[in-house]
Amino acid sequence: MMKHTTLVSLATAALMALSTFTPALASGKDKDKDDKKAAAVPPALNEDYKLGAGDKLRIEVYKDAQLSQSVQIRPDGKITLPLVGDLEATDHTPIELRDTITKSLKEYMTNPVVTVIVVEATAATAYVMGEVNHPGAVNLQAPLTILQALALAGGLKDFADAKNIKILRKTATGVQTIAFNYKDAVKSTRAPLYLRPGDTVVVPD
């Protein structure tokens, strides 16, 4: 009897695990490239995190305690380090900043080994505007989907055009416009669309 119960439990667990992965597999077959790029990974887990003003960093220079510093990115987007002076930090990834520091230090030392650690990230924000009940900023301290942001904004007004919502996203090449259909999203089993810092959600009438 105990052996039979154990087998049933294992079978149930296997079915639950399979059902958990089914939506992810389904979304992987989706052909909409823009949705894939936007929804693939929550921003907090994305390796391309962009540094922002207020972020606290630890800059470690291997075997050089004097050059190793704990710094905070100033409102002007820069940090100051010994020898190299002011460096632009905002809108760069930690890896890009590491490479910039390494290049600057090569004038003063041979083969510097630099590590950039984000000790504390400031709470990023996105914005919801248009035909919602409470337009304004939403906090992105944790990963937030478009549907969740619209809920935080009090939901859509009666005359909102739910099928033609747009997300405006700043990129290195300009502003990207991402179409979002609210009615399709609430019924879809695809991976959700996550907001990124600085995004603006526009709900037309």
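This is a predicted model: local features need pLDDT of at least 70, side-chain atom pairs count only at pLDDT 80 or more; totals for chains, interfaces and linings use all residues.
Visitor: Which residue in β9 stands opposite Ile-165?

Guide: Residues are numbered from 1 along each chain as its sequence is written, and side-chain values use heavy atoms, leaving out hydrogens and water. Strands are DSSP runs (E, at least two residues) numbered from the N terminus, and two of them pair if DSSP finds at least two bridges between them. Strand β8 (residues 165-171) runs antiparallel to β9, joined by seven bridges, and the residue opposite Ile-165 is Phe-180.

Visitor: What is the strand order of the open sheet of five strands?

Guide: The pairing in this sheet is mixed. Its edge strands, each pairing on one side only, are β7 (136-139) and β9 (174-180). The order is β7-β6-β10-β8-β9.

Visitor: Is Asp-199 buried or exposed?

Guide: The side chain of Asp-199 meets that of Arg-169 in a salt bridge (2.7 Å, N to O), meaning a side-chain nitrogen of Lys or Arg within 4 Å of a carboxyl oxygen of Asp or Glu. Buried means under 20% relative accessible area, exposed over 50%, and partly exposed in between (1.4 Å probe, protein chains only). Because its relative accessible area is 0%, Asp-199 is buried.

Visitor: How many salt bridges does a search of the whole structure find?

Guide: One of them joins Arg-74 and Asp-86 (3.5 Å, N to O). Another joins Arg-98 and Asp-99 (3.0 Å, N to O). The number found in the whole structure is six.

Definitions and conventions. Helices (H or I, at least four residues) and strands (E, at least two) are DSSP runs, numbered from the N terminus.
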